[in-house]
Structures are given as C-alpha cells and as structure tokens.
Amino acid sequence: MIDITSEEALEDPEDSNVSAELDQLRAERDEFRDRFMRAVADAENSRKRADRDRREAENYGGSKLARDMLPVFDNMRRAIEAIAEDQREAQAALIEGIELTMRELLSVFNKHGIVIISPEMGEKFDPQIHEAMFEAPVPGTKAGDIIQVMNVGFMIHDRLLRPAQVGVSSTPA
C-alpha cells in the first residue's frame, strides 16, 4: 500500500527544477522585453527631439545675426526718409542704389522668415508685439490706442525679434 507521503517522495525533483527554471527564464524574458521597449521609446524620443532641434536651428539659428541687422534697416529707412525732393533729381543714381539695397535687405529678411511689424495709428496696443515708449492723453482716442510709431518691430517666424516701439494713449483727461 502506497501512502500519500511516499507518492510525493516519488515525484521527480527534476520537474520542479524545470518549472523553476522556466519561471526564471520567463521573468528574464519579460525584463528584456521591457528594456527593449524602453530603448525603442528612448530612440524615438531622441529622434523627435533631434528633428525639433534641427527645425529650430533652421528657423531661429540666424536670430542673432538678424537682430544685429535691424539697425542697418533702421538707418537705411531713415536715410531714404530724409531725402528731399530736390535731391531726388540731382542724386537719382545714388538714391536708386540706396533704395535697391533696402529692397534687397527686405528680400533677404523675407527669405529667412523675418517679417516687419508695422502698427498703424489707432490700432490697439498689444504688449506681445509692441513696446510702449510713452503714454499720453490724446483727445479723440481710447486708452490703449497707438498714437505714434517710433520704430517698426520684427518677427522671425513666430518669435519676436524686436517689438514695435510705440506711443500709447492714456485715458483723456
């Protein structure tokens, strides 16, 4: 007669070793799968970050140079505005050269995504793109209206290079 305890004693010890080894291999497999999935996700995130960095470098890499060119634009604009009508005939070739240079500068700006912010008088002041240089009460205006434009502003793609410098109306007294 076989009792239960002796049956258990007859159980193959190798079966329990195989079962334990299988459990260990499954745990190892799951760990490697998890590591692999994390590595794939990290690689994808790195690729996306590199793409974003490349796009930003393309779009905004020239921001410092562009910012340094803005005074050139300002000076050329002032030179063109200072030309008197009687000088236009006498210095036609020189003036044409200055105007061609200005057009070329604007063309280069446009090519690189640099856009002029040119507010109009009466437009509402926007602190995102305008810089208030002074505030004054002006009859016939509402508080926050632009009453004078001192300097145009510039955007490069969707970033502000320089705010437009404006005078703003305060509430008239």
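Contact means heavy atoms within 4.5 Å. The structure described here is a predicted model, in which local features need pLDDT of at least 70, side-chain atom pairs count only at pLDDT 80 or more, and totals for chains, interfaces and linings use all residues. Residues are numbered from 1 along each chain as its sequence is written, and side-chain values use heavy atoms, with hydrogens and water left out.

The protein chain holds five helices and six strands. Helices (H or I, at least four residues) and strands (E, at least two) are DSSP runs, numbered from the N terminus. Along the sequence the pattern is α-α-α-α-α-β-β-β-β-β-β. The radius of gyration of the protein chain is 36 Å, well over the 16 Å that the globule rule gives for 173 residues, so the chain is more spread out than a compact globule. This radius is taken over C-alpha atoms, and the globule rule is 2.2 Å times the number of residues to the power 0.38. Along the principal axes, the C-alpha atoms fill a box of roughly 130 × 50 × 15 Å.

Of the 173 residues in the protein chain, 22% are buried. Buried means under 20% relative accessible area, exposed over 50%, and partly exposed in between (1.4 Å probe, protein chains only). The accessible surface of the chain comes to about 12,700 Å², and 54% of it belongs to carbon and sulfur atoms. Accessible areas come from the Shrake-Rupley method with a 1.4 Å probe; for residues, only the protein chains shown count as cover. Among contacts with a separation of 6 or more, 64% join residues 24 or more positions apart.

Two packed helices are described by the angle between their axes and the distance between the axes. For helix H3 (residues 63-81) and helix H5 (residues 92-111), the axes come within 10 Å and cross at roughly 145 degrees. Axes are lines fitted to C-alpha atoms, for helices over the stretch in contact, and angles run from 0 to 180 degrees between N-to-C directions. In H3, the residues that meet H5 include Met69, Phe73 and Ile80. Their partners in H5 include Ile98, Met102 and Phe109. By class, the contact of H3 with H5 has eleven nonpolar, one polar and two charged residues. Here Ala, Val, Leu, Ile, Met, Phe, Trp, Tyr, Cys and Pro count as nonpolar, Asp, Glu, Lys and Arg as charged, and the others, Gly among them, as polar.

Isoleucine 114 sits in strand S1 (residues 114-117). It is buried, with a relative accessible area of 8%. Beyond residues up to four places away in sequence, isoleucine 114 touches Ala66, Phe109, Phe154, Met155, Ile156 and Leu161.

Valine 152 lies in the loop between strand S3 (146-151) and strand S4 (153-156). At 11% relative accessibility, valine 152 counts as buried. Leaving aside neighbours within four places in sequence, its contacts include Phe73, Arg77, Ile116 and Arg162. Arginine 162 lies in strand S5 and is also buried, at 14% relative accessibility. Not counting residues up to four places away, arginine 162 touches residues including Leu70, Asp74, Ile117 and Val152.

Histidine 157 is found in the loop between S4 and strand S5 (159-162). At 36% relative accessibility, histidine 157 counts as partly exposed. Although not a glycine, histidine 157 has a positive phi of about 55 degrees.
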